[in-house]
Amino acid sequence: MKKGLWFVLFGVVLSLMACSKKPQVNVTPSKIDKSNVPTVFIHGYKGWDKTMSTMTKSLEKSQLTQQEMVMTVSATGEVSVETDLEGAFKKNNPTIRLSFENNTNHQWDQAEWIKAALHELKDSFQVEEVNLVGFSMGGISSLLYLETFSNDESLPKVNKVISIGSPFNDFLEDDEQTLEDLLTSGPTVVGETLENYTNLVGNIPKETSFYLIGGQLSESELTDGTVPLNSSLGV
């Protein structure tokens with residue numbers, strides 16, 4: 001990964017801390033390389049257009065990114081855009097918050113809505129490449145989007161995907177499996193959702209990079225309290 005993205009990832013982790021403890025978030029990176037490739041932040045189940053705002057504002061405050069757009073997709077796939085952007089995106093690591101009007105639907109519909117949003121970015125704003133950051137269900141919908149639509153030339157190329165606490169393997173727990181074994185061999189308990197992703201994984205472009213973030217409460221509790229590591233890292 002490029003140096004600039006690692007600083008963004010560092011900012012993502014700090015922003016997650018900010019959501020729970022509300023500390024002052026200050027990131028003082030050395031020089032970073034900025035591009036005009038937008039990063040799209042996608043909320044989870046029951047999220048809305050403000051869900052990812054703490055994260056994006058923290059990154060912007062640290063001068064890592066610049067929020068340029070908010071996009072909403074209706075239940076029928078219509079895209080609305082809020083922005084003061086004129087012309088193309090600037091080289092300021094632009095961010096976009098994407099939300100779904102129907103925020104409790106399944107990932108198949110959300111993958112279609114991501115497609116609609118990215119098509120709008122390419123068609124109206126000449127965006128050829130994007131990065132995706134998906135929280136919880138936003139992460140699994142991003143993966144499903146890639147497995148279903150990545151070969152569609154009417155859509156921007158997805159360079160990088162970050163998932164945060166995403167239940168790729170449903171909410172299955174396996175207290176007997178160590179983290180080391182999980183990362184080496186994959187989950188020993190595999191649900192229907194992960195099986196589906198595995199069957200479609202060959203559709204994902206090999207040049208797309210992934211960064212998975214999961215949490216554990218302790219050495220023995222391999223879960224963030226909601227999503228087990230078996231799920232968030234199992235893919």
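**Exercise 1.** State how many residues the largest nonpolar core has and which of them have the most contacts inside it.

*Solution.* The largest nonpolar core has 33 residues. A nonpolar core is a set of buried Ala, Val, Leu, Ile, Met, Phe, Trp, Tyr and Cys residues joined through side-chain atoms within 4.5 Å, where buried means under 20% relative accessible area (1.4 Å probe, protein chains only). Leu98, Leu118, Leu121 and Tyr145 have the most contacts inside this core. Among the elements giving two or more residues to the core are strand S2 (66–73), helix H4 (137–149) and strand S6 (157–164); helices (H or I, at least four residues) and strands (E, at least two) are DSSP runs, numbered from the N terminus. Another core, apart from this one, has 10 residues, including Met52 and Val133.

The model is predicted: local features need pLDDT of at least 70, side-chain atom pairs count only at pLDDT 80 or more, and totals for chains, interfaces and linings use all residues. Residues are numbered from 1 along each chain as its sequence is written, and side-chain values use heavy atoms, without hydrogens and water.

**Exercise 2.** Determine how the rings of Phe89 and Phe125 are arranged.

*Solution.* Rings of Phe, Tyr and Trp (its six-membered ring) pair if their centres lie within 6.5 Å; planes under 30 degrees apart are stacked, over 60 edge-to-face, and the rest tilted. The count is 4 aromatic pairs. For Phe89 and Phe125 the centres are 6.2 Å apart and the planes at 55°, so this pair is tilted. Phe89 lies in the loop between strand S3 (79–82) and strand S4 (94–100) and Phe125 in helix H3 (residues 107–125), so the pair ties together parts 36 residues apart in sequence. Both Phe89 and Phe125 are buried.

Definitions and conventions: Buried < 20%, exposed > 50% of the residue type's maximum accessible area, 1.4 Å probe, protein only.
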